[in-house]
Amino acid sequence: MEVAANCSLRVKRPLLDPRFEGYKLSLEPLPCYQLELDAAVAEVKLRDDQYTLEHMHAFGMYNYLHCDSWYQDSVYYVDNLGRIMNLTVMLDTALGKPREVFRLPTDLIAYDNRLCASIHFTSSTWVTLSDGTGRLYLIGTGERGNSASEKWEIMFNEELGNPFIIIHSISLLKAEEHSIATLLLRIEKEELDMKGSGFYVSLEWVTINKKNKDKKKYEITKRNILHGKSVPHYAAIEPDGNGLMIVSYKSFTFVQVGQNLEESKDEDMSEKIKEPLYYWQQTEDDLTVTVSLPEDCTKEDIQIQFLPDHVNVVLKGQRFLEGNLYSSIDHESSTWIIKENNSLEISLIKKNEGLTWPELVVGDKQGEFIRDSAQCAAIAERLMHLTSDELVNLGSNQYLFSVIVDPKEMPCFCLRHDVDALLWQPHSSNQDDMWEHIATFNALGYVQASKRDKKFFTCAPNYSYAALCECLRRVFIYRQPTPMSTVLYNRKEGRQVGQVAKQQVASLETSDPILGFQATNERLFVLTTKNLFLIKVNTEN
């Protein structure tokens, strides 16, 4: 792997609104339609051996409702009869029942260790499908928006080992050679890992080819595997099929197929996979470094030297951390103590109050940054994009959600920037400006932080609104500012308000948990165990 080049996210200032007035609660009723399902959604609950935070992120918070971004207002789910069910909305007042488009050949009930079935809409005529048992299906569908030509037909299916979920796929046509590339996610048991959770995350990048028109059979031609220690917030294959883009708390590295992770990674890569030596966090005034001490380590075994721009930590005669600090500290006021849980806590007082440090010791990669005290238990959120030669550390920009704006491009991802939520469109072909800032949801980064029970978060492909739902019943909608039809004044500043952003709340008539959540330009679709709800958000295209 080449040395990573530092990249940056360039915010478009014209898309920011520093004078945003905030959201005004609107009591206008939202039309809501409810469809009862013929069979319950094929929900798979976490087993006793799926107890880690990574299992919860990948499978416990899985979105069981899938939106076909190639066609307007078309959603899919899998029911417990193994049927792929579709609802396509043309007219809200004339909703039909969800229709069966495909039935999985596998008897899902017979598998005790299965995962949830997953679907990805690869192109306007292709779908990749997993039944949750470890088998991958490649389905030719015809034009899904055309009832005359739509026919779901298995073009490839193969057992690929342990169960997985599909997180992305693309269709490629080069020199009359058609191929499908898909990205699969597993959480595997790591028998040799005695210090961590005992699990690692595996991403498998599979390419399936049909060499020519005469040869009808599709075959796997390439299988690449990456290993990491955290479930990625975001992972997608670049449109040209030449690379991956990953947003993750911890990095991923390529390993050889059939080879153990320990045998394939070199010393530099092992530094990225293993547990950090220390954790650090900061406020406007100080920094706190936490180190887990060996059991037999006493106060006499610890020597720490504070200098204005330098720190030196020695444990049991061995140099633990030494180097130049990112900025100056008040070395006379800096202290250290041994906590009751046998950890060393070092407090550094900033010389320049209010300055945010992007790193503790210049060039040191052995520690993990904890973004704020509320996230200490989860060891923070650090976001990075990783290909063969690019790396961007997004620091304190909290990851919020991803959404498909253009199905021919990679999915967009939304990050918190200060109080706002900014939407970014990746462009892998443009190395100078790989992430384009395309939309802003004013103050939404701040607003969403107060929703402690939120489960799913998304926005309309045309950015006209963002929406989030809680685990039960409630849906919150945040609209972009629109011009006022009446005159409204800001009393504090004595000026006329030209536009207002509305917040609306919908409460679903059900006590079942929300299992799926998708947004289109006009509608919100909410899936529960036994019902599919449709909320009409916008009346115009």
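Author: An accessible area is what the Shrake-Rupley method gives with a 1.4 Å probe. In this predicted model, the protein exposes about 26,500 Å², and carbon and sulfur atoms supply 47% of that area.

Reader: What share of the residues in the protein is buried?

Author: Buried residues make up 53% of the 541 residues. A residue counts as buried when its relative accessible area is under 20%.

Reader: Why is Leu 25 called exposed rather than buried?

Author: The relative accessible area of Leu 25 is 56%. The cut-off for exposed is over 50%, so Leu 25 is exposed. Leu 25 lies in strand β2, residues 23–25. Together with Leu 27 and Val 505, Leu 25 makes a nonpolar surface patch of about 330 Å².

Reader: What makes β4 and β5 a pair?

Author: Two strands pair if there are at least two bridges between them. β4 and β5 (residues 74–78) have two bridges, so they count as paired, in the antiparallel sense. His 66 stands opposite Tyr 76 in β5.

Reader: Which strands form the open sheet, and in what order?

Author: The order is β4-β5-β6-β7, with antiparallel pairing. β4 (66–67) and β7 (99–103) are called edge strands because each pairs on one side only.

Reader: How do you know that β33 and β34 pair?

Author: Five bridges join β33 to β34 (residues 465–470). At least two are needed, so the strands pair, and they run antiparallel. Phe 456 has Cys 469 in β34 as its bridge partner. Five residues lie between the strands of this hairpin, where Tyr 463 takes a positive phi near 65 degrees.

Reader: Why is β33 said to be mostly covered?

Author: β33 spans residues 454–459, and five of its six residues are buried. Each of those five is therefore under 20% relative accessible area.

Reader: Which residues touch the most other members of the largest nonpolar core?

Author: That core has 40 residues, and the ones in question are Tyr 64, Leu 185, Ile 187, Leu 527 and Leu 532. Apart from this core lies another, of 24 residues, including Cys 297 and Ile 329.

Reader: What is Leu 527 in contact with, leaving aside its neighbours within four places in sequence?

Author: Its contacts include Leu 37, Val 41, Tyr 64, Tyr 77, Pro 513 and Leu 532. Contact requires heavy atoms within 4.5 Å, so each of these residues has a heavy atom within that distance of one in Leu 527.

Note on methods:
Residues are numbered from 1 along each chain as its sequence is written. This is a predicted model: local features need pLDDT of at least 70, side-chain atom pairs count only at pLDDT 80 or more; totals for chains, interfaces and linings use all residues. Side-chain values use heavy atoms; hydrogens and water are left out. Buried means under 20% relative accessible area, exposed over 50%, partly exposed in between (1.4 Å probe, protein chains only). Helices (H or I, at least four residues) and strands (E, at least two) are DSSP runs, numbered from the N terminus. Patches are made of residues with over 30% relative accessible area and no salt bridge: like charges are joined within 9 Å, nonpolar side chains (Val, Leu, Ile, Met, Phe, Trp, Tyr) within 5 Å. A salt bridge is a side-chain nitrogen of Lys or Arg within 4 Å of a carboxyl oxygen of Asp or Glu. A nonpolar core is a set of buried Ala, Val, Leu, Ile, Met, Phe, Trp, Tyr and Cys residues joined through side-chain atoms within 4.5 Å.
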